[in-house]
Amino acid sequence: MSVGSGTVSFQTVRETNLGVVLRTVRELAPCSRAAVASATGLNKTTVSSLVADLMARGLVRETGRASQPRVGRPGVLLALDDSSIAAIGLEVNVDYLAVVAVDLLQRELVSRHVPFDARSAGAEACVRHIARTLGDTMADPALSGRTVVGVSVAVPALIDSPSGTVTHAPNLGWRNVPLRDRLSELLHEAGVRGVPVQVDNDANLGAVAEYRVGSFAGTADLAYLTGEIGIGAGLLAGGELLRGASGFAGEVGHLSVLPDGPECACGRRGCLETLAGIGAILREAVPDRIPDHPLSGDDVAALVEAAVERAGSGDAAAVGALERAGTWLGRGLAALINVTNPDLVVLGGYFVPMGPWLLPNCRAEAVASAFAPDAGGCRVELSSLGLSAAARGGATAMIHSLDAGLLPLPGPRDTEGPVASPAPDTA
Ligand SMILES: [Zn+2]
């Protein structure tokens, strides 16, 4: 699935056919040129020419011969070349950046968690930090000699996908930040040229990651919930992201669940995230540890650890806080289940370590409050992708865009590609 329409769309028949052959080799590998021709309906000469082109670009390689050909000489087999390109996903959160780079086979090359107080830093300093972090990642030895085909940035925000602008990120305090253009500018200044940048909502990319590489991969009707200071949902229906008319579908954190409840960062009262967001949970679970300043930076990870430790040792306040949050979460999920009827809801982020105390009440309340018997069979499970789900989803989505012809293919290996491990210089 595409992560936005801010990408170059390739028009020529040849480029479309390169994508078709690339996808076919991914599906059938190891496979012969004849098998690709048969599967695509393209003639063998055309397939041979397209395969030669993909090999020159470092996307396909020969991998030996079929062992027992029925007729004639054994055919040379093809597979994807996992050594030439990389795609990078970066996730901005209130208190950290997560970065994941993957190869053409979606295998993880780099995974980093960078503590960073994004809320206090402000938008411009944060974008500069993102550019530096991307530069560091591109300079990582694991990416040495690889062409970076695209960068995806996930933000807990309403996003205008066509322009890559962050329209509103209440928990970061951002409004109308032209993230894609500013980041492209900084990367260009640092010598990183021609790498497409896409910007998307963190929950959407978390859902993409769960669908493509998580423990429940292949579940086409699922919701992924971010477990951060804010709560967002990425919704997949039939394997496609449900974005809505103007892109803000899935803002479950701002479902009103308690009239006249606590004040929310959005300015309203009683939103789900004021009762089941990580900040709200921590204020009840470890009240003595809450600093005077707004929760941000390194606070959150340390406080989550403390809350989980206390709950684990049977501390009544901590256990009660987590269990109540589970009930509120279940109530919010019931509304989501009533509207979208998912097979599966995956709880991500900091909900994962809190899962043993959140899940029982969450599941019970979802079943009790949803209209359909047994919540329509919807399961509620914990993510296996930890705090880098959205980054992983972004990197995954870039590879998928490459296959789908929504990203430019890298140039032939003997000419200059879009980028080759630039030195980070974006300070
Ligand atoms: Zn709200």
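These are my notes from a look through this predicted model.

**Domains**

The protein chain falls into domain 1 (13–80), domain 2 (85–204 + 389–403) and domain 3 (217–384). Next I looked up the spacing of domain 1 and domain 2: their centres, taken over C-alpha atoms, are separated by 33 Å. For the contact between these two, I get 7 residues of domain 1 touching 4 residues of domain 2. Which helix gives the most to the domain 1 side? That is α1 (residues 13–28), with 4 residues. I also sorted that side of domain 1 by class and got 3 nonpolar, 2 polar and 2 charged residues.

**Helix α1**

Helix α1 has 16 residues and spans 22 Å from its first C-alpha to its last, close to the 22 Å expected at 1.5 Å a residue. Then I checked which of its residues are buried. My list for α1 reads Leu18, Gly19, Val21, Leu22, Thr24 and Val25. What do they pack against? The buried residues of α1 pack against the strands β1, β2 and β3, and against α2 (33–40), α3 (44–56) and α13 (389–403).

I followed β2 to β3 (residues 76–80): the two pair in the antiparallel sense over 4 bridges. On that pairing I marked Arg61, which stands opposite Ala79 in β3.

**Strand β7**

My last stop was β7 (residues 147–155). Is this strand buried or exposed? I find 9 of its 9 residues buried, so β7 is largely enclosed by the rest of the structure. I then looked up its partners. β4 (residues 85–92) pairs with β7 in the parallel sense over 7 bridges, and Leu90 stands opposite Val153 in β7. β7 also runs parallel to β11 (residues 197–201), joined to it by 5 bridges. For Ala154, I wrote down Asp200 in β11 as the bridge partner.

How values were computed. Residues numbered from 1 in each chain as written. Predicted model: local features only at pLDDT ≥ 70, side-chain atom pairs only at ≥ 80, totals over all residues. Pairing = 2+ DSSP bridges. Domains from an automatic or database assignment. Nonpolar A, V, L, I, M, F, W, Y, C, P; charged D, E, K, R; others polar. Expected span 1.5 Å × (residues − 1). Buried ≥ 20, exposed ≤ 12 C-beta atoms within 10 Å, placed from the backbone.
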